Amino acid sequence: MLRELAVRTIKPLLSDMAWKRVRRIDPTTARRDAEIAARAARRDAEIAARAARRAAAAKKAKLASQAAAPPSLSTLAAKYGTDKWGGPHMHQYTPHYQHHLGHLRNERFTLLEIGIGGYKQDKAGGASLRMWKEFFPRAQIVGLDIEDKSFVNEDRIRAYQGSQTDARILKEIIDDADNLQVIIDDGSHRSEHTLQTFAILFPQLPDGGHYIIEDTQTSYWSRWGGTADPTATYTTMGFTKTLIDGLNYEEVTDPGYQATYNELKIVGVHAYHNMVFIDKGTNADGRWNTNRG
Ligand SMILES: C[S@@+](CC[C@H](N)C(=O)[O-])C[C@H]1O[C@@H](n2cnc3c(N)ncnc32)[C@H](O)[C@@H]1O
């Protein structure tokens with residue numbers, strides 16, 4: 001009652017600032033204002049605490065998902081310094097490898113790479129072998145180089161020395177290998193070597209295995225024994241094109257046609273910029289045999 005009277009009679013006579021000061025004199029109003037302010041502060045604190053809890057949970061989830069997802073092959077290529085992935089003077093091979101070999105990530109098998117790296121330089125090379133070792137945590141990684149690269153030997157990595165066209169050393173590697181599933185030719189990049197190595201090693205891969213040839217661009221470079229003639233069949237790329245025809249050998253119209261080993265045992269040829277993946281299997285679908293043109 002008294003308050004209402006004061007509001008009606010005194011408030012119109014005072015400035016806003018003065019009225020606020022007068023209100024603080026009233027202990028009821030002051031207590032109520034203090035309670036309102038305390039409630040607001042409590043609410044603000046709760047909102048801030050809730051936001052902090054949400055941010056902490058999101059950070060924890062992000063860290064957990066990062067820990068669960070193993071690094072990509074491109075990340076590992078950069079970590080170990082192989083030129084299989086990178087900028088302007090590097091190749092862009094690793095996404096293709098991840099696509100074609102990703103299913104082997106947790107398998108026990110042997111991967112052979114021809115060409116360990118570093119050429120004649122002392123204690124140089126081994127980058128890709130280390131990358132493969134981390135990418136395939138249960139695989140044995142084997143390398144062959146014409147130079148002595150024994151310094152790369154460690155748990156799950158073994159280096160052999162010899163030429164990629166030497167059938168003896170290739171047989172030794174095959175005999176030692178347990179469940180060979182992947183062969184990569186990153187050696188001399190000379191077509192005559194590449195094709196000889198393929199002729200020796202491809203028959204040794206089991207069905208389901210993968211044979212990869214890198215740096216196929218040397219097919220067109222005369223210094224590497226290549227030619228700019230795209231119809232040449234003696235280069236790695238020319239040979240690859242014949243493999244693509246071979247995929248369809250069953251539809252060759254000559255009734256006396258005898259399929260070659262490669263035609264019978266290659267089920268996929270995937271050519272990308274400067275590299276080729278060749279899939280081993282049994283190429284004998286047979287469904288169209290009676291329908292020769
Ligand atoms: C391009 S480097 C390999 C790079 C490695 N794979 C990497 O990605 O880090 C090529 C290697 O092949 C080796 N090499 C050259 N000719 C060879 C041959 N005929 N047989 C075996 N290795 C050969 C070289 O000594 C060199 O170290």
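Please keep in mind that the model is predicted.

- Seven strands make up an open sheet with mixed pairing, and their order is E3-E2-E1-E4-E5-E7-E6.
- At the edges are strand E3 (157-161) and strand E6 (266-272), each of which pairs on one side only.
- On average, neighbouring strands of this sheet are turned by 15 degrees against each other, direction ignored.
- In general, strands of a sheet pair through backbone hydrogen bonds, either parallel or antiparallel.
- Strand E2 (residues 140-145) and E3 run parallel and are joined by five bridges.
- Across this pair, Ile-141 stands opposite Ile-157 in E3.

**A helix across the strands**
- Helix H7 (residues 167-176) lies across strand E1 (110-114), E2, E3 and strand E4 (180-185).
- The angle at which H7 runs to E2 is about 175 degrees.

**The nonpolar core**
- The largest nonpolar core counts 39 residues, and Leu-111, Leu-112, Trp-132 and Ile-183 have the most contacts inside it.
- H6 gives the most to this core, contributing five residues.
- Leaving aside neighbours within four places in sequence, Trp-132 is in contact with Leu-111, Glu-113 and Ile-141.

Conventions. Residues numbered from 1 in each chain as written. Predicted model: local features only at pLDDT ≥ 70, side-chain atom pairs only at ≥ 80, totals over all residues. Pairing = 2+ DSSP bridges. Helix = DSSP H or I, 4+ residues; strand = E, 2+ residues; numbered from the N terminus. Axes fitted to C-alpha atoms, helices over the stretch in contact; angles between N-to-C directions. Contact = placed C-beta atoms within 7 Å. Core = buried A, V, L, I, M, F, W, Y, C linked by C-beta atoms within 7 Å. Buried ≥ 20, exposed ≤ 12 C-beta atoms within 10 Å, placed from the backbone.
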